[in-house]
Amino acid sequence: MTSEKEVTCIICPIGCKILVRMDGSKLEVLRGYKCKKGIEYARNETLDPRRMLTTSVLVKNGDWPLVSVKSSQPIPKEKLFFVLQKIQKAAVNAPVTLGEIVIKNVADTGIDIIVTKTVQNVEK
Amino acid sequence: MINENVDVAIIGGGPAGLAAAVSAKQHGANRVVIIDRNSWLGGILPQCIHDGFGVEETGVSLTGPEYAEKYIEMAEKQGISVMQEAMVLQFDKSKEIIAVNKRGVHKIKADAIVLAMGCREKTRWNVMIPGSRPSGIYTAGVAQSFINLYNIMPGKNVIILGSGDVGLIIARRLKFEGANVLGVVEILPYASGLPRNVVQCLNDYDIPLFLNHTITCIGGKERLEQVTIAQVDEHMHPIAGTEKQIQCDTLLLSLGLIPENELSKDVGIEIDSVTGGPVVNQMLETTLDGVFVCGNCLQVYDTVDMLSIDAKRAGEYAAEKASVQKRKQKSNIRIIPRGGVRYVVPQLVDRPGIIPLTFRVKRPKENTVLLIHAGRKELFKKKMRWVNPANMIRIEVDISDEIIASAQSLEVTIDD
């Protein structure tokens, strides 16, 4: 069975509309991309859609109540809300530094959750 | 009064101010000071916890806080001084700044000033939405700071008016935090935000986008209870009979941004009525000698990358100005937007060279041609496969001595 669909690339602000064709299990990226990253994105988006996840984690004794975090790699789309639940249960103690890992191998995805901001400790 | 002398004073410590400061220092300015009203640097970036920053500038996708820390670190390493929790009250033509913080009133004499005050969000009163005045109505950026900085959820059942990038990003964020996002209402026939944000913030989570719709009434006594949405015609007038009530407790407004230029206006700097930012020449210098401008108070950028690239230029030129005070001013040539072009920055050019032009179009269009003319002479021609108001366009044009000597104006045209 052959089917064609249009994928909007989310790599950069341009947002290329890329046409892909599925022929059984064979996938062909036809046209519409402006760079190599677009070809790769269109392929992944069709076969195994993933998203970077960014959210926040509670901080104890910090100069901010939250610290922003991101996934070390894009997470399979269908697992996003499951991973979010895990992150919502986590909490860290200040100080935390940009780059620190908060959760290793979150929900057995092989992906880590990493701090994206430095939060200082405030003595209470 | 506390007196200080600096080479370059930068008003605003967001991404534009930081990039300008780092660049001014790199280009020889000795004493560089950033004056900012917050208790932190980076402006809006710490609350923009999503990624996608820096892709155009460095090829690496960073989150807002990471992008900010990169520049804050550079500023610290270079010994740039920072006045935090300080409010600039005014500055005058001699580039003397009056600022106030907890220590008192400061008089800062600068050889050059860079304006980097950013912008603020339009509110309900900018678009005059009828109805009652309950609580539960916020601008999208304020809601973003509640959720991402202060751990406060603005509400449970949320409707968003306006499909700018902040509105789209906050829709996804609310969804992640368990809110029910009932839809994004957009008066135009297309989304105002970037295509990638429509995909990854709305489509991914089946959040409806109501195009050609607006909110015609706000209802609720103490707390917001419902909004009425209606379809609009081609003149953006609500069509009678299409009204629909949506029960909700929170309304977020993503209606666009207004460059903050109260300080610029007070001192008599000419403002472009379309961009809301100062009129500048190719060196991003305002109509006041030695005062430069960058960031969202110059024009509302679509990405921080382009903003930083321009802000670095402003910092460089400010550093040059601080060392060489007098420059021969030639007469200015105006750059005029025509046809489908909404505005062009810079608005003035006074010397030859390769000049970056940034501009936006009025509406989306496919297969069109961008033309730049000096009188009858064609300077630049480029086929554009598609143009979109959400995507700022940046090109470089070579302006020759001959054009500077003879042209009255440059016209930038996209057929409309």
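B:E186 sits in the loop between β12 (180–185) and α7 of chain B, where helices (H or I, at least four residues) and strands (E, at least two) are DSSP runs numbered from the N terminus. This is a predicted model, in which local features need pLDDT of at least 70 and side-chain atom pairs count only at pLDDT 80 or more, while totals for chains, interfaces and linings use all residues. Residues are numbered from 1 along each chain as its sequence is written, chains are lettered from A and ligands numbered from 1 in the order in which they are written, and side-chain values use heavy atoms, with hydrogens and water left out.

B:E186 does have polar partners. Its side chain reaches the backbone nitrogen of B:L188 at 2.9 Å, and a polar contact of 2.9 Å joins the side chains of B:E186 and B:S192. A polar contact is a pair of N or O atoms within 3.5 Å; within protein, one must be able to donate a hydrogen and the other to accept it, and residues adjacent in sequence count only if both atoms are side-chain atoms. Leaving out residues up to four places away in sequence, B:E186 touches several residues, including B:G162, B:S163, B:L209, B:F210 and B:H213. Contact means heavy atoms within 4.5 Å.

**Where the two chains meet**

The contact takes 32 residues from chain B and 32 residues from chain A. Together the chains bury about 2800 Å², 59% of it on carbon and sulfur atoms; buried area is the accessible area (1.4 Å probe) that two parts lose on being put together, summed over both. In chain B, the residues that lose the most area to chain A are B:E69, B:F176 and B:R196, together 20% of what that side buries.

Across the interface, the rule finds 9 residue pairs in polar contact, both residues being at pLDDT 80 or more. Elements of chain B that each supply at least two residues to the side touching chain A include α3 (64–77), α6 (165–176) and β25 (377–387). The largest share of that side, 4 residues, comes from α7(B). By class, the side of chain B that touches chain A has 14 nonpolar, 8 polar and 10 charged residues. In this scheme Ala, Val, Leu, Ile, Met, Phe, Trp, Tyr, Cys and Pro count as nonpolar, Asp, Glu, Lys and Arg as charged, and the others, Gly among them, as polar.

**Salt bridges**

Side chains of opposite charge can pair when their charged atoms come close. Over all chains the count comes to 23 salt bridges, and between chain B and chain A it is 3. Some of these pairs are listed here.

| Pair | N to O distance |
|---|---|
| A:K77 and B:D204 | 3.0 Å |
| A:K77 and A:E45 | 3.8 Å |
| B:D204 and A:R51 | 2.5 Å |
| B:R334 and B:E270 | 3.2 Å |

The B:D204 and A:R51 salt bridge has its closest N and O atoms 2.5 Å apart. B:D204 lies in the loop between α7 and β13 (209–210) of chain B and A:R51 in strand β4 (residues 50–51) of chain A, so the pair joins two chains. B:D204 counts as buried because its relative accessibility is 16%, and A:R51 is buried too, with a relative accessible area of 4%.

The B:R334 and B:E270 salt bridge, at 3.2 Å, links distant parts of the chain: B:R334 is in strand β20 (residues 333–339) of chain B and B:E270 in the loop between α8 (262–266) and β19 (291–293) of chain B, 64 residues apart. B:R334 is partly exposed at 35%, and B:E270 is partly exposed at 32%. Salt bridges that share partners join A:E45, A:R51, A:K77 and B:D204 into one network.

Methods
A salt bridge is a side-chain nitrogen of Lys or Arg within 4 Å of a carboxyl oxygen of Asp or Glu. Buried means under 20% relative accessible area, exposed over 50%, partly exposed in between (1.4 Å probe, protein chains only).
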